[in-house]
Amino acid sequence: MIFNKVINLIARYRVAALSAAFLTPLAAIPAHAQDEGELEEIVVVGIRGSLERALDIKRESTGFVDAVSAEDVGKLPDYNVAEALQRVTGVAIQRSRGEGDFVSLRGLGPDFVRGSVNGRSLLSSTEAVDPIFNGNLITSTGRATNFDVFPSEIINSLEVVKSPSASDIEGGIAGTVNLKTARPLSMGHKKVVSAQGTYRDFNEEFDPQFSGLVSWTNDDESFGVLTAVSYSERSIREDFSRNFGWFPSFGISTDLDTDDDGVGDASPNDVPFPLSNNAEVYEETRDRLTIMNTLQWTRGDSDITVDVLYSKREIEESHQNLIFLPIIFDGDLAGRVVNADGSVQVGDLVSDGTFFRFPTTLRPELTTDLQDVTDESLQLGVNFKHRVGAWELNTDLSYAIAEGESIFDRVRIDADNGSFAFDTLVSDAGYDITQTNQGSGPAADLGNPDNYVVSVLDDRAAVNEDEEFAIQFDAIRELNHDLVSSIEMGVRVRSRDKTIERASNGNGIPVVGAGVTVSDIGAFNPGAGNFLDGMWRSSFGYDSLIFPDNAATRSNSEIVSFVNASGFSTTVSPNPFESFGVEEDTIAGYAQVNLDGGFGDVGFAGDIGFRVVATQQDVNGFDAEFVITDNGGTDTTIFDSLSVGSATPVSFDSNYANVLPSMNLRFELADDLYLRTAYNKTMTRPTFESVAPAYSVNANASDNGGDNFAVALNAGNPALEPVESDNYDLGIEWYFGDSSAAYAGLFHKSIDGFVATVVNTGAFTDLAGQPIRATGIEMDGTRRPISVDIISQPDNQGIAEVTGVEIGIQQAFDFGFGYIANVTLLESSAEFEATGQNIDFDGVSDTSFNAAVFYETDVFQARLAYTDRSEFLRVASAIGSGGQIFNGSYSQLDLSVLYSVTENWAVFFSGVNLGDDDQDVFQVLPAGQRRFSSTSHVGPRYAIGVRGSF
């Protein structure tokens, strides 16, 4: 699939002809011979060597740059790129199934961090369904880079650029993470192999991983080839207990007396409750293959480098989900004291303005979700450097494509034939569920197949493709001047196409009318054992539940006949309303002066310049006319029906230009003491998903605007503008050893027009200038145009301020012991114009801390590392009752040990998440109450392996 596109690309752009044009002048230039008597370079390896090389990068940079260097060829200190990056000051990572994937920098989330490999765009197109919200929440990568798709074995060093220069490619307000792969002419003859097995404590699985790297050069070291291959398998289990969010109590029609004083003091809308407890088990296998190849030529004043990087990741996921619904309806309040004013006393059920206890009889639902996801990416690059006198000319061509495919299969069963009663408590720690009629007969048995009717078949598929072609020209001229060392200028032209094509069977086929029970199917799967590692508090075990067997259910003749007779099909068909495409073309130019001089005894270096970039964006999608039929008047407990007309193409065009000045200065106050300062303006374009013009319709929202139709849209916003930030840095660095330093820095970001999801209520008739074609049918058959009551969409907000302090120290002693510690302290505020509030900025933790101690000798090394990140805002405007959703604080302890058996072979052991820490999420409601949202468990993992280097 991807290779076919590459063949077409070669034909289209004639890369072969371009390469030949580069190679022709090289043939006439004599090879550069190595000078006789050249001193042999001594390379320090191990932990100390990696720290020394990382500090060299930091010290020699004119701006604020941090780095992680491999301890030896293909040996970063962590399992994947994201986990290696978490050791850098100011970096925090997000985790998927307990493993690092996306990176935040200085508090700003993954969409604000530009990922690159050898300076070229790093694309990823993960496409997946999060089955919470009935499988309707689809997540896609766009601007953010999923660093999990690249193993650490192929990386030589990681550079985190926090204060970009004009010559740096725009796109990341927070900064850029650049993955630098090894080069054969620098490495020479080298072979590295490794094999390891990883054991996961929670699911008791053992997985293999293999990697190999070969570097070769010719005798005069003018030509080299490097090839690296890495393959890994992972079997992961993650358990969740979470809810859909906190909502107004829509099942109650009378006022409430929340303090039992005989007088009603709240309407049901004023007393939120948590909609559902989803008890979920994800069991997932991940296979990843990565292949890297680099060729280098050097002839006299010319160099050519060709890079090919291919990665493929396949994920198979099985997901069990108990959808437990502790929703109080009027019938659940029967027998309670009714006051003279008609209100019902619920003081024992309400605390601090929200429900916390739920005596309910609603029957649970159980689902099995099967999902196959494939991520595939290919990066191609050709770089040609040629020196002519004082000029160095650089041409770089790059092509990148990433494609993600997802197939989603859900079967849901409802306990419609059973009779259940529950008493549920919810606290900051989660849910405590007691089945009050447990053991009272087969109808109350949650494990009885006769109680469950097959209710929904849900099928989805998606293809997420991202493609970029770029060409860049740079020219640098060296100058013999007391203050200016060189000038440089350049231009970059880029074309990027992002398309997402989604398909479904119409958000689920209702098959409850077939009346087929699990007993009729004759097959089911028991629930997983040891749910949440024993932390779930329930009177029944998760393994006593039964979950659908999807294959057996879908092949049942009665269900197949019912689906066919109903006019449905389990074959997915394109869903244009969730599909879109974005074509983005940019042209950028820059000019930069590089400084190198001194004032008295104070030497300085730096760069001053500006970058101008113009962006043309075309967004294509679909809308449609939709009709809502009123089935219940003002009674919102009776759902209205929705029909959607044919898809109609819509398109939106936008263009904008940004001027991005920059300045980086480094002052050498003494031989080992540096002062740095920087100013730059950066930009981040809106995510592709945010500008998608299509929308989904909810015909049964929480607000009906005073009529009989409660309509809500969840939509993108093609009118979004890019986000800009003015960034200021000041830092001091003391290098008191080759691998030892102490540093402190202060930074401030003023971010204009940050994007957040906004929920607006009113009477809306258009979306981003396009009319909303909505028709309502009253209960008497009258048809009329209707407006939309609620629109939820991303929008540019006001100014956000992020101010932080970074402090770090690392020291390696001569006797082998050493330590590293760094902390980032942040304050943030954002003008959330939608509500008039000042809120925390999305993704910013007040504190992030990293520490490690290590000890190494010639044959042994050990490292113990600790990371900690405080809570941070995850969603600025939550669904349901509103408020914000926060990730709770998280810490992790990791260990690695290596022993060199011989000069060439070593064995190693590592342990990750030794403290068995869990990830918590909570919601802060508009009235300030902090309420449980989610907890998840993955558990620790351990690896043992062998490594050879020759």
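1. In this predicted model, the side chain of Thr684 has a polar atom 3.0 Å from the backbone nitrogen of Ile173. The Thr684 side chain also reaches the backbone oxygen of Gly171, at 3.2 Å. Thr684 belongs to strand E38, which covers residues 673-684. With a relative accessible area of 3%, Thr684 is under the 20% limit and therefore counts as buried.

2. What does Thr684 touch beyond residues up to four places away in sequence? The list consists of Asp111, Phe112, Gly171, Gly172, Ile173, Pro722 and Val723. Gly171 and Ile173, which supply the backbone oxygen and the backbone nitrogen of the polar pairs, are both in that list.

3. Ser116 sits in strand E4 (residues 113-117). Its side chain makes a polar contact of 2.9 Å with the side chain of Asn178. Apart from neighbours within four places in sequence, Ser116 is in contact with Ser121, Leu122, Thr176, Val177, Asn178 and Leu179. The relative accessible area of Ser116 is 2%, so this serine is buried.

4. A search of the whole structure finds 45 salt bridges. One of these pairs Arg611 with Glu170, with 2.9 Å between the closest N and O atoms. Arg611 is in strand E34 (residues 602-623) and Glu170 is in the loop between strand E8 (155-161) and strand E9 (175-181), so the pair ties together parts 441 residues apart in sequence. Are Arg611 and Glu170 buried or exposed? Both are buried.

5. Arg502 and Glu689 meet through their side chains in a salt bridge, at 3.2 Å from N to O. Arg502 lies in strand E27 (residues 484-504) and Glu689 in helix H9 (residues 688-691), so this pair ties together parts that are 187 residues apart in sequence. The two partners fall into separate accessibility classes: Arg502 counts as buried at 6% relative accessibility, whereas Glu689 is partly exposed at 30%.

6. Arg537 and Asp432 form a salt bridge in which the closest N and O atoms are 3.9 Å apart. The pair links distant parts of the chain, with Arg537 in strand E30 (residues 537-538) and Asp432 in strand E25 (residues 430-435), 105 residues apart. The salt-bridge cut-off is 4 Å, and the 3.9 Å separation of this pair is within it. Arg537 is partly exposed, with a relative accessible area of 32%. Asp432 is partly exposed as well, at 29%.

7. Salt bridges also occur as a network. Which residues are linked in it? They are Lys58, Asp66, Arg106, Lys162, Asp729 and Glu806.

8. Strand E3 (residues 99-105) has seven of its seven residues buried, so the strand is largely enclosed by the rest of the structure. Strand E2 (residues 91-96) runs antiparallel to E3 and is joined to it by five bridges. Ser96 has Glu99 in E3 as its bridge partner. E2 and E3 form a hairpin with two residues between them, and Arg97 in the turn has a positive phi of about 55°.

9. Ser276, a residue other than glycine, has phi near 80°. Ser276 is placed in the loop between strand E15 (273-274) and strand E16 (277-299). With a relative accessible area of 0%, Ser276 is buried.

10. Asn913 is not a glycine either, yet its phi is positive, at about 60°. The loop that holds Asn913 runs between strand E57 (905-912) and strand E58 (919-924). Asn913 counts as buried, with 4% relative accessibility.

Methods: Residues are numbered from 1 along each chain as its sequence is written. This is a predicted model: local features need pLDDT of at least 70, side-chain atom pairs count only at pLDDT 80 or more; totals for chains, interfaces and linings use all residues. Side-chain values use heavy atoms; hydrogens and water are left out. Helices (H or I, at least four residues) and strands (E, at least two) are DSSP runs, numbered from the N terminus. Buried means under 20% relative accessible area, exposed over 50%, partly exposed in between (1.4 Å probe, protein chains only). A polar contact is a pair of N or O atoms within 3.5 Å; within protein, one must be able to donate a hydrogen and the other to accept it, and residues adjacent in sequence count only if both atoms are side-chain atoms. Contact means heavy atoms within 4.5 Å. Two strands pair if DSSP finds at least two bridges between them.
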